[in-house]
Amino acid sequence: MLRSVTEEMLLMWDRGLHSYAMVEATFSKGCDYLGRIPSKVKFTNETQEADGSYWSWIYPSGKLIKKDFSQYS
């Protein structure tokens with residue numbers, strides 16, 4: 001599926017299909033994405049939006065969260 005996306009598309013994937021590799025591959029195509037995550041996955045609220053949504057960092061591994069990997073993104 002990723003081979004067919006373009007910069008002007010919005011790719012949506014369902015719960016259970018998220019991964020750092022998929023986000024990275026989508027981002028490298030210049031495509032926007034929207035994904036659902038399982039309820040057991042918790043992201044840190046980095047920046048709160050007026051509508052109640054928020055921005056978070058996605059890390060390749062849990063160990064890199066502690067090393068502040070976000071500075072390299």
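Which residue in β2 is the bridge partner of Leu10?

**Figure 1. Pairing of strands β1 and β2 in the predicted model.** Strand β1 comprises residues 10-13, and strand β2 comprises residues 32-35. The two strands pair in the parallel sense, over four bridges. Asp32 is the bridge partner of Leu10 in β2.

**Figure 2. The β-α-β unit formed by β1, α1 and β2.** Together, these three elements make a unit that is right-handed. Helix α1 spans residues 20-28.

Figure 3. Thr26 belongs to helix α1. This residue counts as buried because its relative accessibility is 0%, and the cut-off for buried is under 20%. The side chain of Thr26 reaches the backbone oxygen of Met22 at 2.8 Å. When residues up to four places away in sequence are not counted, Thr26 touches Leu2, Leu11, Trp13, Cys31, Asp32 and Tyr33.

**Figure 4. The aromatic pair of the structure.** One aromatic pair is present in the structure. Trp13 and Tyr33 form this pair, which is stacked, with 5.4 Å centre to centre and 15° between the planes. Trp13 lies in strand β1 and Tyr33 in strand β2, so the pair ties together parts that are 20 residues apart in sequence. Trp13 has a relative accessibility of 7% and therefore counts as buried. Tyr33, at 32% relative accessibility, counts as partly exposed.

Methods: Residues numbered from 1 in each chain as written. Predicted model: local features only at pLDDT ≥ 70, side-chain atom pairs only at ≥ 80, totals over all residues. Heavy atoms only, no water. Buried < 20%, exposed > 50% of the residue type's maximum accessible area, 1.4 Å probe, protein only. Polar contact = N/O pair within 3.5 Å; in protein donor to acceptor, adjacent residues only side chain to side chain. Contact = heavy atoms within 4.5 Å. Pairing = 2+ DSSP bridges. Right-handed = clockwise from strand over helix to strand, strands pointing away. Phe/Tyr/Trp six-rings, centres within 6.5 Å; stacked < 30°, edge-to-face > 60°.
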